[in-house]
Amino acid sequence: MHNKSALLGVNIDHIATLRQARGTRYPDPVFAAQIAEQAGADGITLHLREDRRHIQERDVELIQQVLQTRMNFEMAITPFMLNYAEQLRPEQVCLVPEKREELTTEGGLDVISQLDAVRAACTRLQQVGSEVSLFIDPDPAQIEAAVAAGAPVIELHTGAYAEASGATQQQEYQRLREAARFAHQKGLIVNAGHGLHYHNVQPIAALPEIHELNIGHGLIAHALFVGLAAAVKEMKKLILDAR
């Protein structure tokens, strides 16, 4: 079964980025999560990075307490993060690659090369009731590995599509379309995200296999000019209209 429309997960990391730039108490990601949710977001995504460059543990814990929808907790596969997630028990956990020096997540998780570690992480997180997603490139071999790891959900990395133009973008779109179809046939729930914004989201939202789109930077940037609630509503309408 395909959803009538893809869901919208709003990533609020960059609200915290602005706060951490000055070390102030504002802007508050908790308040942002509530505004986004009230404006129509189906979930809130946040990434607790090892270097704590934006989201902090306090944000995660307060947001989990106040959300009416659900939290999608992004994390690297490290001993600390696994222990923390076991205590937190978020509804959803998305396992992502992470490098200290990167500006943002570069590429998908290489499940193939670390299958045992990913499988063990999936098992641990599922035992505390979290639905586990793997952030991977639109590659059939990685999708097969995600199935082997026991993850019920994948999030296709849309960064290459978002950064391309012309014929190259069409090639990347085709890769995403084929990957979404293949993953759906394998019984996986298929989400997508990274680099999506108001001018490139609709072709991805139109793919019938896509369950949820996670969007952060483009949406938060637009919110500077129109306000967060309006930015969420505009993005939600684009996604709804795509189908």
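**Exercise 1. Which residues form one aromatic cluster?**

This is a predicted model: local features need pLDDT of at least 70, side-chain atom pairs count only at pLDDT 80 or more, and totals for chains, interfaces and linings use all residues. Residues are numbered from 1 along each chain as its sequence is written, and side-chain values use heavy atoms, without hydrogens and water.

*Solution.*
- Step 1. Apply the pairing rule: rings of Phe, Tyr and Trp (its six-membered ring) pair if their centres lie within 6.5 Å; planes under 30 degrees apart are stacked, over 60 edge-to-face, the rest tilted.
- Step 2. The structure holds 3 aromatic pairs. In one of them, Phe 73 and Tyr 84 have ring centres 6.0 Å apart and planes at 55°, so the pair is tilted.
- Step 3. Phe 80 and Tyr 84 have centres 6.0 Å apart and planes at 10°, so they are stacked.
- Step 4. Phe 73, Phe 80 and Tyr 84 form one cluster.

**Exercise 2. Is Phe 80 buried, exposed or partly exposed?**

*Solution.*
- Step 1. Buried means under 20% relative accessible area, exposed over 50%, partly exposed in between (1.4 Å probe, protein chains only).
- Step 2. Phe 80 has 43% relative accessibility, so it is partly exposed.
- Step 3. Tyr 84, at 8%, is buried.

**Exercise 3. Which strands pair with β7?**

*Solution.*
- Step 1. Strands (E, at least two residues) are DSSP runs, numbered from the N terminus. Two strands pair if DSSP finds at least two bridges between them.
- Step 2. β6 (residues 153-157) joins β7 through 5 bridges, in parallel. Val 153 has Ile 189 as its bridge partner in β7.
- Step 3. β8 (residues 210-215) pairs with β7 over 4 bridges, also parallel.
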